[in-house]
Amino acid sequence: QVRLVESGGDLVQAGGSLRLSCDASGSTLEHWAIGWFRQAPGKGREEISCISTSDGSTYYADSVKGRFTISRDNAKTTVYLQMDNLKPEDTAVYYCAAEPFAITTIQAFCLPNRFENWGQGTQVTVSS
């Protein structure tokens with residue numbers, strides 16, 4: 001079991017930056033996949049980025065590749081999402097999620113239906 005709490009969401013102008021944090025408790029998160037997902041009103045939950053706590057392997061959706069960076073603070077049970085060059089279409093509630101991970105690649109695993117442990121989300125709003 002793991003409890004996840006997202007923070008860092010804010011209102012920012014297009015071209016700006018934010019860093020989201022996902023704080024975990026109840027697990028060391030070794031051999032887990034940690035993912036960032038987002039959901040806008042009327043849209044499904046989409047994958048943004050995932051990281052393996054085992055080896056640091058990462059995956060990025062094409063929509064954010066080159067703009068967002070996922071990272072992990074190995075001294076803490078915290079995963080970050082650095083978001084640069086934000087666009088209005090990035091506006092959404094951002095969620096982090098965690099799931100035991102050992103077999104497949106992080107790229108193949110990074111789908112919302114693969115995760116059962118979710119945070120409550122943090123709102124990111126990008127104005128034009």
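Predicted model: local features only at pLDDT ≥ 70, side-chain atom pairs only at ≥ 80, totals over all residues.
Guide: Residues are numbered from 1 along each chain as its sequence is written, and side-chain values use heavy atoms, with hydrogens and water left out.

Visitor: Why is the pair of Phe37 and Phe115 called edge-to-face?

Guide: Rings of Phe, Tyr and Trp (its six-membered ring) pair if their centres lie within 6.5 Å; planes under 30 degrees apart are stacked, over 60 edge-to-face, the rest tilted. Phe37 and Phe115 have ring centres 5.2 Å apart and planes at 70 degrees, so they're edge-to-face. By this rule the count comes to six aromatic pairs.

Visitor: What makes Phe37 and Phe115 buried or exposed?

Guide: Buried means under 20% relative accessible area, exposed over 50%, and partly exposed in between (1.4 Å probe, protein chains only). Phe37 has 0%, so it's buried. Phe115 has 4%, so Phe115 is buried too.

Visitor: And what makes the pair of Phe37 and Trp118 tilted?

Guide: Those rings sit 4.9 Å centre to centre with 55 degrees between the planes, which is tilted. Trp118 has a relative accessible area of 22%, so it counts as partly exposed.

Visitor: How do you know that Arg45 lies over the face of Tyr95?

Guide: The rule wants NZ of Lys or CZ of Arg within 6 Å of the ring centre and within 35 degrees of the ring normal. Arg45 lies over the face of Tyr95 at 3.8 Å from the ring centre, and over that of Trp118 at 4.6 Å.
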